[in-house]
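Please examine the following structure together with its sequence.

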Amino acid sequence: MDNHDHISKYIFEGNLLKILTFPHAVLAKVAEPVTVFDENLRLLCKNMLYTMYRSPGVGLAAPQVGIGLRLFVIDVEYERKKKITSDGKEDYELSNFDPQIFINPKIKKSEGSIVYQEGCLSLPGIYEEVQRSHNIEVEYFNLDGEPKTMRAEDLLSVCIQHENDHLDGIVLLDRLSQLKRNLLKKRLIKQKKVKK
Ligand code: CO
């Protein structure tokens, strides 16, 4: 993939960011466009990828780590194997990376429909079927501020639409029926209270 080599080094180094969970206010806010493409942006993306691979998830949007900017990272290709380290701890071996960074994305075309069971790092324990467009065309900027266009289908398309929702303050619960949404929201809030 385009700019793949560029960002592949971000997989192995970085800081684990705290992932905010529902009902954190930042998850319901519309994020602002990125205007400065600098070292700070690079560092943020690097840490977001690092965090995504270890959480593990196939996508992570900036608002999920408390940053109100229009960007997300995705990898729907990588594989994860459980392993036991020499000191007896559980760890994961990751391979086949295809990290992608989408800055100021805009979905231009959407066609067809697909129902996929989605989860979200901000909604622990929730896995629900959501209907989305089957194929999309998305315009975005890469880390160097260059405009790009990508066509995506199936899981990649679903993932881009899910992450793009986060930039508009929408979580997958908002894509469900009101009955289901209310039920799951209550469950999440209860879950959070128990943890504290
Ligand atoms: Co999500």
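Which residues in α3 are buried? In this predicted model, they are Leu 156, Ser 157, Val 158, Cys 159, Ile 160, Gln 161, His 162, Glu 163, Asn 164, Asp 165, His 166 and Leu 167. The helix is thus mostly covered, with 12 of its 14 residues buried. From its first C-alpha to its last, α3 reaches 21 Å, close to the 20 Å expected at 1.5 Å a residue. Just after α3, Gly 169 adopts a positive phi of about 75°.

A cobalt ion is coordinated by Cys 120 through SG and by His 162 and His 166 through NE2, at 2.1 to 2.2 Å. The spacing of these donor residues in sequence is C-x41-H-x3-H. Because Cys 120 lies in the loop between β6 (114–118) and β7 (128–132), whereas His 162 belongs to α3 (residues 154–167), the pair ties together parts that are 42 residues apart in sequence. Cys 120 and His 162 are both buried.

Attention now turns to the nonpolar cores. The largest has 20 residues, of which Met 48, Tyr 53, Leu 60, Leu 71, Val 73, Ile 101 and Ile 103 touch the most other members. Two or more residues come from each of α2 (39–54), β2 (71–74) and β5 (100–111), and α2 gives the most, with 7 residues. A second, separate core of 13 residues includes Ala 152, Leu 156, Cys 159 and Ile 160; among these, Leu 156, Cys 159 and Ile 160 are buried residues of α3.

Conventions: Residues numbered from 1 in each chain as written. Predicted model: local features only at pLDDT ≥ 70, side-chain atom pairs only at ≥ 80, totals over all residues. Heavy atoms only, no water. Donors = N, O, S within 2.8 Å, 3.2 Å for Na, K, Ca; no water. Helix = DSSP H or I, 4+ residues; strand = E, 2+ residues; numbered from the N terminus. Buried < 20%, exposed > 50% of the residue type's maximum accessible area, 1.4 Å probe, protein only. Expected span 1.5 Å × (residues − 1). Core = buried A, V, L, I, M, F, W, Y, C linked by side-chain atoms within 4.5 Å.
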